[in-house]
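This report describes how the parts of the structure below meet one another.

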There are 2 protein chains.
Amino acid sequence: MSTALRNINPTFHSVQYAVRGELAIKAEELRDDLKQPDHGHPFDKVINSNIGNPQQKGLDQAPITFTRQVAALMEWPELAKLAPPGLFPEDVLARAKELSNEIGSVGAYSHSQGVPFIRKSVANFIAERDGYPADPDMIFLTGGASAGVSLLISMLISSPSSGILIPIPQYPLYTAALAQHQGQAIEYHLDETNDWSTNVSAIEESITEAKAKGVDPKALVIINPGNPTGALLDEKTQEEIVHLCEKHHLVLLADEVYQANLHRPSTHPFTSFKKIVSARQSHVPLVSFHSISKGVSGECGRRGGYFELTNFPPELVALIYKMVSVSLCPPLAGQIGVDSMVRPPRPGDASYPLWKKETDGIHAVLAERTATMAGRLNALPGMSVVASPGALYLYPRIRLSDAAIAAAKAAGKEPDAFYALALLADTGICVVPGSGFGQREGEWHYRLTCLCPGVDEYVQKLEKFHGKWVEKYGAAADE
Amino acid sequence: MSTALRNINPTFHSVQYAVRGELAIKAEELRDDLKQPDHGHPFDKVINSNIGNPQQKGLDQAPITFTRQVAALMEWPELAKLAPPGLFPEDVLARAKELSNEIGSVGAYSHSQGVPFIRKSVANFIAERDGYPADPDMIFLTGGASAGVSLLISMLISSPSSGILIPIPQYPLYTAALAQHQGQAIEYHLDETNDWSTNVSAIEESITEAKAKGVDPKALVIINPGNPTGALLDEKTQEEIVHLCEKHHLVLLADEVYQANLHRPSTHPFTSFKKIVSARQSHVPLVSFHSISKGVSGECGRRGGYFELTNFPPELVALIYKMVSVSLCPPLAGQIGVDSMVRPPRPGDASYPLWKKETDGIHAVLAERTATMAGRLNALPGMSVVASPGALYLYPRIRLSDAAIAAAKAAGKEPDAFYALALLADTGICVVPGSGFGQREGEWHYRLTCLCPGVDEYVQKLEKFHGKWVEKYGAAADE
């Protein structure tokens with residue numbers, strides 16, 4: 001290596017991001033292999049169940065037509081004049097015209113915080129959702145939720161002893177951002193035996209332990225609906241959480257990007273933390289993250305999202321503005337995607353019937369697929385899984401025999417990574433081992449998305465593989 | 001302030017980014033004021049000359065039609081079937097189809113490094129430009145050049161004594177990224193008396209001084225064409241620079257985002273550092289940055305760009321891949337914008353005549369406007385400016401009287417910020433003071449873009465304001 005590259009930032013080595021880690025890289029290689037006629041693999045396609053990417057090739061959740069028609073007109077505004085009458089619905093034409101008047105060209109930088117008009121639309125959406133007002137000046141549009149999460153974590157880490165409470169299992173963006181910005185991850189465990197519920201006394205214990213070690217807890221991350229768990233918080237727990245933040249002077253970081261992915265909304269509804277904080281008139285500083293990548297929108301590639309600040313003083317808002325201004329502005333395609341998400345067609349609009357049909361279809365398919373997959377995975381020996389009421393994932397627990405654990409050790413792999421690698425090699429299905437999300441010592445899990453079409457054939461592959469695995473390594477001893 | 005927000009990352013306070021700083025924020029406020037009928041300001045529009053944003057409202061550089069037609073089809077692929085024959089040129093339809101086959105939906109995450117097919121197109125573009133091969137696996141698509149610059153700077157800062165050589169004046173992204181990642185800016189001065197040329201012995205002196213202070217120089221930033229200076233390096237200087245990097249084991253960070261903005265290409269052509277490094281068979285690690293935000297594309301809002309790594313070992317490339325994977329992928333709208341930039345229509349293609357007319361027009365207008373503005377600003381008392389042969393800016397030097405400097409001091413402002421604030425208040429023209437880019441002690445400058453239409457009326461405003469200023473504060477003493 002050139003001596004010029006002799007030393008690099010040591011945090012680069014400590015960052016881990018399993019969702020696009022070893023398994024995903026191997027899946028890419030396999031996809032290249034499969035282009036050869038004599039590839040020798042026992043499958044002919046790779047299925048990326050490692051990442052919540054609804055519109056990915058092979059998964060093919062179709063985009064919402066309304067969103068894309070508006071976007072096409074924003075890209076080439078002359079199209080509105082050149083297209084024959086009826087090609088675009090009236091409400092689409094009106095929306096594109098309104099956005100063009102406000103934004104000008106989608107090829108121009110916008111306000112660094114996001115187009116003011118779109119931030120107003122977001123504020124209206126939040127107010128309508130919660131029944132409490134929202135301030136457009138406290139809303140920052142972002143390039144997906146991740147960009148905002150990284151920024152806020154880097155802001156809160158004021159010294160190497162700063163800590164942030166994160167759930168286990170967690171979405172690994174949090175540990176990656178903490179590693180990069182040299183903060184401490186303070187882990188608290190979710191309760192798998194109780195449908196992955198959040199236990200406030202477990203968080204309290206983690207705070208006590210962290211303080212005893214000299215770590216200063218600055219913020220609490222809550223992912224609701226959960227990732228990878230799919231769990232939904234009830235309002236009582238949410239109130240306890242806000243109370244805990246008040247008591248311990250914590251900033252509440254609420255990752256609510258799956259708020260529209262609800263499979264059983266009558267029994268497992270979503271309530272925002274903004275609503276809880278507003279109702280309590282709490283002074284807890286709250287950052288709430290949302291995204292167009294999930295929900296029924298699934299527009300990952302646009303890179304759009306927002307965060308809303310509550311109870312943040314103006315000088316901190318100004319500081320955050322300064323930091324986002326260095327990266328100029330979020331992608332305009334993402335910003336107009338946010339507009340479509342927060343202002344969908346309404347009954348009476350020309351686009352409404354199609355929009356309703358498309359979004360109902362996405363909700364129904366996802367709910368049904370999640371239930372089917374959970375039911376059949378639960379029937380497998382040594383496997384148990386909570387049937388997620390929300391989000392896009394299942395997080396099955398696998399009990400492994402001593403022989404399997406020994407074989408993993410011999411291969412130099414974590415046992416669940418060893419299972420996931422074998423699954424990939426045998427079926428072409430790419431999942432993420434639980435070690436990437438965190439789990440209790442001696443437990444093993446994996447996360448898979450519920451996005452694949454042809455659920456029957458898909459689950460058969462999982463079942464067949466698991467059968468062969470148990471045949472080879474034996475069943476785990478009873479607990 | 002809530003005690004939860006008692007301590008935040010101290011680097012947030014040290015970051016400065018003048019391009020969107022005090023002047024730009026004031027300009028936004030003025031724009032709001034102007035919506036009132038009795039606003040009381042002596043102008044009726046704000047002109048944002050602070051930022052290179054060609055497609056901004058009021059500047060209105062039209063986007064390239066080819067780029068936008070392809071983008072519209074990618075947003076709503078059914079349009080290709082539904083549109084009447086002839087609405088889209090054949091080559092646009094073919095390009096969109098090809099990209100759709102490769103990418104699938106622009107609403108899906110791509111490979112974190114960027115769509116492989118587009119990286120191949122970038123490699124072909126580089127090879128054709130330089131006459132030396134390029135490797136798609138060494139190319140990372142980014143959300144604009146800034147994202148890549150910040151990443152590479154954060155990688156190279158391995159300890160608080162790590163330093164990076166930056167030109168003065170510089171684009172403030174560099175100092176902002178260094179402040180954020182706690183590295184040392186090692187300044188070297190460009191030579192204004194010699195058309196802002198880069199003097200290798202000045203860099204060498206800065207290295208010596210830095211080492212004497214215990215700072216470890218890790219990399220050298222070169223901005224070519226220059227920002228804010230517009231200067232172009234000749235090949236002899238570029239060879240000396242590469243030699244210097246070899247000698248001092250420096251990584252060369254080549255910011256080449258203005259490579260297509262050449263106003264006098266016959267006397268001031270652009271040569272890439274990739275070409276120089278390849279021709280010398282040098283082992284200097286080189287990162288070359290490019291963007292769709294500038295050039296004739298001007299697609300700032302798409303957030304697209306790339307960097308190419310040369311002489312980087314595979315383990316570092318893998319590390320960079322891991323870091324970019326945490327933010328999932330660059331915006332797809334930016335990625336397809338890169339494709340349009342590196343694969344424009346060719347002679348014989350249906351879109352070529354229009355593309356040629358549009359891009360020729362942009363080049364000609366910018367060159368003419370830059371020359372006109374430089375000529376007239378040079379005629380003002382106390383003002384001198386190098387007529388930029390490249391990029392989008394002028395960086396005039398203003399000599400200020402003692403009375404002006406005293407008035408600035410009394411107002412608590414840097415003298416050039418004081419001048420720029422007065423200019424904004426009087427004319428609505430927003431420029432960035434030289435203190436935001438760096439300058440020698442006791443010198444004052446400002447940067448303005450050459451993007452405004454109606455150059456005659458625009459320069460008249462500058463002239464009239466400057467006349468009033470000199471009347472009020474007197475002329476500077478001769479040097």
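**Interface between chains A and B**

Buried area is the accessible area, taken with a 1.4 Å probe, that two parts lose on being put together, summed over both. In this predicted model, chain A and chain B bury about 7500 Å² between them, with 62% of that area on carbon and sulfur atoms. The contact involves 95 residues of chain A and 95 residues of chain B.

Three salt bridges are counted between chain A and chain B. In a salt bridge, the side chains of Arg302(A) and Glu75(B) meet at 2.9 Å, N to O. Helix α12 of chain A (residues 314–326) supplies the largest share of the side of chain A that touches chain B, namely eight residues. That side of chain A comprises 49 nonpolar, 31 polar and 15 charged residues.

**Domains of chain A**

Chain A is divided into domain 1 (3–61 + 357–473), domain 2 (65–99) and domain 3 (101–342). The C-alpha centres of domain 1 and domain 3 of chain A are 26 Å apart, and their contact takes 37 residues from domain 1 and 38 residues from domain 3.

Domain 1 and domain 3 of chain A bury about 2900 Å² between them, 58% of it on carbon and sulfur atoms. Within domain 1, Val386(A), Pro389(A) and Phe437(A) lose the most area to domain 3, together 20% of what that side buries.

Between these two domains of chain A, the count is zero salt bridges and 16 residue pairs in polar contact, both at pLDDT 80 or more.

Conventions
Residues are numbered from 1 along each chain as its sequence is written. Chains are lettered from A and ligands numbered from 1 in the order in which they are written. This is a predicted model: local features need pLDDT of at least 70, side-chain atom pairs count only at pLDDT 80 or more; totals for chains, interfaces and linings use all residues. Side-chain values use heavy atoms; hydrogens and water are left out. Contact means heavy atoms within 4.5 Å. A salt bridge is a side-chain nitrogen of Lys or Arg within 4 Å of a carboxyl oxygen of Asp or Glu. Helices (H or I, at least four residues) and strands (E, at least two) are DSSP runs, numbered from the N terminus. Ala, Val, Leu, Ile, Met, Phe, Trp, Tyr, Cys and Pro count as nonpolar, Asp, Glu, Lys and Arg as charged, and the others, Gly among them, as polar. Domain bounds come from an automatic or database domain assignment. A polar contact is a pair of N or O atoms within 3.5 Å; within protein, one must be able to donate a hydrogen and the other to accept it, and residues adjacent in sequence count only if both atoms are side-chain atoms.
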